[in-house]
Amino acid sequence: TGTAGISVQGDTTRQWISERYYYGDRGSGDNGIGCAYSISEAKEHPGQTDVWVYGYIVGCFNTSGSPTFSGPYTKNTNMVIAGRAGTTDKDYCISVELKAGAIRDALNIVDNPGNVGRKIYLRGDLVDAYYGIVGMKQLTEYQWD
C-alpha cells in the first residue's frame, strides 16, 4: 500500500566495516532485539522507552567529566558503550546506568574487567543525559553477542 525505496549516502570521513539496514517501521510496536539501535541511532532517540541498543563495552565513568577507557575502573554503577570496541572518544558513546542487582553484578567492569571490548545488547530507556552524554537507564534485559 505504498512505495518503497532505499537511499545510500556516503561518508568519506569515516571507515565503516558494516552497517545494518532495517525494513519496516520500528515504531510499529516491534521492539525486539532484531530492531536494536546502533549507538549513533540511539543518540538520536533520547526519550524512547523499552528499546534495544547494541554496542561494545569500552569503559565507565569513575568520576563526572570524562569516561575512563582503560583501568583502573572504580565505579560499578555505570558503564560506557560505543559502536566500536576501540573507541576512546565520549562523543561516540552512550553511558549506561547499572542499578544494584543481577544486571549490575553481571555487567559492571570493576568486578568483570573481561567484559571490556565485548559486544552487548541492552534493553532499557534512552535519556537525554547521563554523565553529560546520551544515556540508557532502567535496564531490564541484556544479551551478549
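What you see is a predicted model, in which local features need pLDDT of at least 70 and side-chain atom pairs count only at pLDDT 80 or more, while totals for chains, interfaces and linings use all residues. Residues are numbered from 1 along each chain as its sequence is written, and side-chain values use heavy atoms, with hydrogens and water left out.

Let me start with the overall arrangement. A closed barrel of 5 strands runs in the order β1-β2-β3-β5-β4, with mixed pairing, where two strands pair if DSSP finds at least two bridges between them. Neighbouring strands of this sheet are turned against each other by 55° on average, direction ignored, with axes taken as lines fitted to C-alpha atoms, for helices over the stretch in contact, and angles running from 0 to 180 degrees between N-to-C directions.

Going through the pairs, strand β1, residues 51-59, is joined to β2 by 3 bridges and the two run antiparallel, with Tyr56 standing opposite Ala82 in β2. Strand β2, residues 78-82, pairs with β3 over 5 bridges, again in the antiparallel sense, and here Val80 faces Ser95 in β3. β3 and strand β5, residues 133-144, pair in the parallel sense over 2 bridges, and Ser95 stands opposite Gly135 in β5.

How many of the residues of β3 are buried? In β3, residues 93-97, the count is 5 of 5, where buried means under 20% relative accessible area, exposed means over 50%, and partly exposed lies in between, using a 1.4 Å probe and protein chains only. In a regular strand the side chains alternate between the two faces of the sheet. Here Cys93, Ser95 and Glu97 point one way from β3, whereas Ile94 and Val96 point the other way, and all are buried.

Now to the loop between β2 and β3, which holds Ala85 and also Thr87. Is Ala85 buried or partly exposed? Ala85 counts as partly exposed because its relative accessibility is 40%, whereas Thr87, with a relative accessible area of 15%, is buried. Leaving out residues up to four places away in sequence, Ala85 touches Tyr56, Val58 and Gly117, contact meaning heavy atoms within 4.5 Å. Ala85 and Gly55 are 30 residues apart in sequence, and their C-alpha atoms are 8.1 Å apart in space. With the same exclusion of sequence neighbours up to four places away, Thr87 touches Val58, Phe69, Ala82, Tyr92 and Cys93.

Finally, the interior. A nonpolar core is a set of buried Ala, Val, Leu, Ile, Met, Phe, Trp, Tyr and Cys residues joined through side-chain atoms within 4.5 Å. The largest such core has 22 residues, and those with the most contacts inside it are Val53, Met79, Ile81, Ile94, Val96, Leu122 and Met136. The elements giving two or more residues to this core are α1 (39-42), β1, β2, β3, α2 (102-107), β4 (119-130) and β5. Apart from this core lies another, of 7 residues, among them Phe61, Phe69, Val80 and Ile133.

Notes
Helix = DSSP H or I, 4+ residues; strand = E, 2+ residues; numbered from the N terminus.
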